[in-house]
Amino acid sequence: MLCLGIETSCDDTSLALIENGRALAQVMSSQASLHALFGGVVPELASREHSRLIGPLFDSLFASTGRTPSHVDVVSVARGPGLLGSLLVGVSFAKAFAFATGATLIGVNHLHAHLMIAGLENTLELPALGVLVSGGHTHLYRIESPTEFISLGKTLDDAAGEAFDKAGKMLGLPYPAGRHIDELSRLGKADNKLFPRPYTDNSSLDFSFSGLKTALATYLAKHPDLKTSWNPETGERALENSQGLPDLCASYTAAVVDTLTLKTERALKAYPGCRSLVLAGGVAANSSLRQAMAELAKRFSLPFLVPKHEYCTDNAMMIAYLGNLLASSGYHHPLGFEAIPRGRAIPNDMVHNTRLASVPLS
Ligand code: KG4
Ligand code: ZN
């Protein structure tokens, strides 16, 4: 079975093929350098770029694999959450493709796909505790099955990645700043008293990172010399000659990592019976977060799964993987299903055809 995955929910245009449950190929075009000029994603520019790029990427995916569109059995697309204009490019493309070829159409939840891809190369034992940390999302889920995700907690304001990106903007680092703060942190020593572990003095499994940003702004107002600068045209950063910036990055990272780990530990205690711990999303690339979560999993004697880096950031393989799983269990969407922007609940409107089902999912 050949499944085409399409991802256009934010600022990465990506298409991928899964053949008989295995990754065959993926193509990707990131718009990061375009949006970096504005210090964040500009929705109107993102959707225009998706529209410009999706056709050529589609052609190059098939040219590189020797498959033709008529070989595709299932077309799976990220239907939300995300930027509506961006989602509509992928969803409209997938609908047109399904209509033209007769392939089974399925719209998948981008967040669920981020976590489920952990099962591509490793056995994902369910139920699992899923920690999703990206530029737009911070969620804790109990994953019962590929169709049943119980939301245990989420951010009330900024996402973990946003906490890094906004800090980076204040520090004068390039966007997206997570990777740069991570690199600097590894050269520094954390002062665990410098920043709060926000929104942990309660029993909630939700997160709130906006106060951390304010704490950093207040600190920087007193220590303006710690800021660096970079040139958006060349991507070059001024070389700092003091230990101050690496130490500050290490302290800030420790605050984010401790907060995420603390709430994850609480979730594992509150919802016992999880058989694995999954960390996914762009922030899963963070070295201290990976280490802290791996140690946590070890303490709970759980397998720890993190998708490989290219499947942690936004990618179409995860969309193909989950769509393939759902379609091979008999699910599909009719042409009328909608793209769902961030902030709106994604309806459970898949149609199940028992005659198509090969594997029951739950
Ligand atoms: O999943 P992703 O590619 O896009 C979204 O769906 O948001 O995640 C991008 C986010 C950005 O906020 C970026 O700064 C962050 O992941 N990120 C990191 C690291 N690498 C990427 N954050 C912390 N440490 C990293 N090494
Ligand atoms: Zn994402």
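A word on conventions before I start. Residues are numbered from 1 along each chain as its sequence is written, and chains are lettered from A and ligands numbered from 1 in the order in which they are written. Since we are looking at a predicted model, local features need pLDDT of at least 70 and side-chain atom pairs count only at pLDDT 80 or more, while totals for chains, interfaces and linings use all residues, and side-chain values use heavy atoms, with hydrogens and water left out.

Let me begin with the ligand. Around ligand 1 there are 20 residues, the closest being G135, D165, D182, G282 and D314, where a residue is taken as near if one of its heavy atoms lies within 4 Å of the molecule. By class, this shell holds 6 nonpolar, 10 polar and 4 charged residues; here Ala, Val, Leu, Ile, Met, Phe, Trp, Tyr, Cys and Pro count as nonpolar, Asp, Glu, Lys and Arg as charged, and the others, Gly among them, as polar.

Turning to individual atoms, D182 has an N or O atom in its side chain 2.9 Å from a nitrogen atom of ligand 1, and D314 places a polar side-chain atom 3.0 Å from an oxygen atom of the ligand. The backbone takes part as well, with a polar backbone atom of G136 lying 3.2 Å from an oxygen atom of ligand 1. Each of these is listed as a polar contact, that is, a pair of N or O atoms within 3.5 Å. Of the 560 Å² of accessible area that ligand 1 has on its own, the protein covers 87%, with areas computed by the Shrake-Rupley method and a 1.4 Å probe.

A pocket here is an open set of points on a 1 Å grid over the protein atoms alone, where a 1.4 Å probe fits and protein lies on both sides within 12 Å along at least five of seven lines, and lining residues have an atom within 4 Å of a point. The largest pocket holds about 1400 Å³ of space, its volume being the space filled by probe spheres set on the points, which are joined across faces, edges and corners. Its lining has 47 residues, with D11, G135, D165, Y175 and P176 nearest the centre, and α6 gives the most, with 6 residues.

The second largest pocket has a volume of about 770 Å³ and 32 lining residues, among them N109, H112 and Y141. Here β8 (148-154) gives the most to the lining, with 4 residues.

Finally, the backbone. Most residues other than glycine have a negative phi, and most peptide bonds are trans. In this model, the bond from G80 to P81 is cis, with omega near -5 degrees, and P81 lies in the loop between β4 (74-80) and α3 (84-101). L126 and P127 are also joined by a cis peptide bond, with omega about 0 degrees. N20, in the loop between β2 (12-19) and β3, has a positive phi near 50 degrees.

Notes
Polar contact = N/O pair within 3.5 Å; in protein donor to acceptor, adjacent residues only side chain to side chain. Helix = DSSP H or I, 4+ residues; strand = E, 2+ residues; numbered from the N terminus.
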